[in-house]
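Thank you all for coming.

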Amino acid sequence: MGLVKRKPSGTELLELRGIARLQFGVGDEFIPEDIEVAVSPNTFKIRMVLLNDSRYLTIRAGDYRFNLHVASGRVLNTMLPHPRLRVYVKEDYVGFVAKGGNLFCKHVLMADPDIAPNDEVLVVSPRGELIAVGRAIVPGREMVYYKRGEAVRVREGVEEES
């Protein structure tokens, strides 16, 4: 059975905005009034936030934090000051990551030093344009020092957006 789409209640909207405030440090404008939520038909818990009938955010069942998608990444990229939650990629590797390829440490140009493992991050070009969203594997301050290993597991690149 699939997820059930509906408008969120007032308390659900407050809860979603509270999660965003805690996780990303953004205000109410990140989650607008006109969103819809997709809830599980069995547990009635919110699993996904939809904006304009497309995936905006997904809620992880284990820790009730958001997974970013390209649409929400674009909004965050305009809202947050640089370099907060961002990993900058070397220019010659931008195309690979934009198609959904994972980012390795040797291709990291710069990263927010406050990024912790398992944080949701924005992967951006040297000019600050969003190219992908994903989950950090290593701390931000260590990404630039390692020459081996995965830095960010990319969930969705801008060129593979559906």
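This is a predicted model: local features need pLDDT of at least 70, side-chain atom pairs count only at pLDDT 80 or more; totals for chains, interfaces and linings use all residues.

**Charged pairs and a buried valine**

Let me begin with Glu91 and Arg127, whose side chains meet in a salt bridge at 2.9 Å, N to O, where a salt bridge is a side-chain nitrogen of Lys or Arg within 4 Å of a carboxyl oxygen of Asp or Glu. This pair links distant parts of the chain, since Glu91 sits in the loop between β6 and α3 (94-98) and Arg127 in the loop between β9 (120-124) and β10 (130-136), 36 residues apart. Helices (H or I, at least four residues) and strands (E, at least two) are DSSP runs, numbered from the N terminus.

Residues are numbered from 1 along each chain as its sequence is written, and side-chain values use heavy atoms, with hydrogens and water left out.

Is Arg127 buried or exposed? Arg127 counts as exposed because its relative accessibility is 54%, whereas Glu91, at 42%, counts as partly exposed; buried means under 20% relative accessible area, exposed over 50%, and partly exposed in between, with a 1.4 Å probe and protein chains only.

Arg127 also meets Glu129 in a salt bridge, at 3.2 Å from N to O, and Glu129 is partly exposed, with a relative accessible area of 43%. Elsewhere, salt bridges that share partners join Arg60, Asp63, Glu120, Arg135 and Arg155 into one network. Another salt bridge brings together the side chains of Arg21 and Asp28, at 2.7 Å, N to O; Arg21 is partly exposed at 42%, and Asp28 is partly exposed at 36%. The structure holds 14 salt bridges.

Val89 lies in strand β6, residues 86-89, and it counts as buried because its relative accessibility is 0%. Which residues is Val89 in contact with, leaving aside its neighbours within four places in sequence? Among them are Val94, Leu103, His107, Val124, Pro126 and Ile131, where contact means heavy atoms within 4.5 Å. As for Val124, its C-alpha atom is separated from that of Val89 by 6.2 Å, although the two residues are 35 residues apart along the chain.

Finally, look at Arg148, which lies in the loop between α4 (140-143) and β11 (150-157) and counts as exposed, at 77% relative accessibility.
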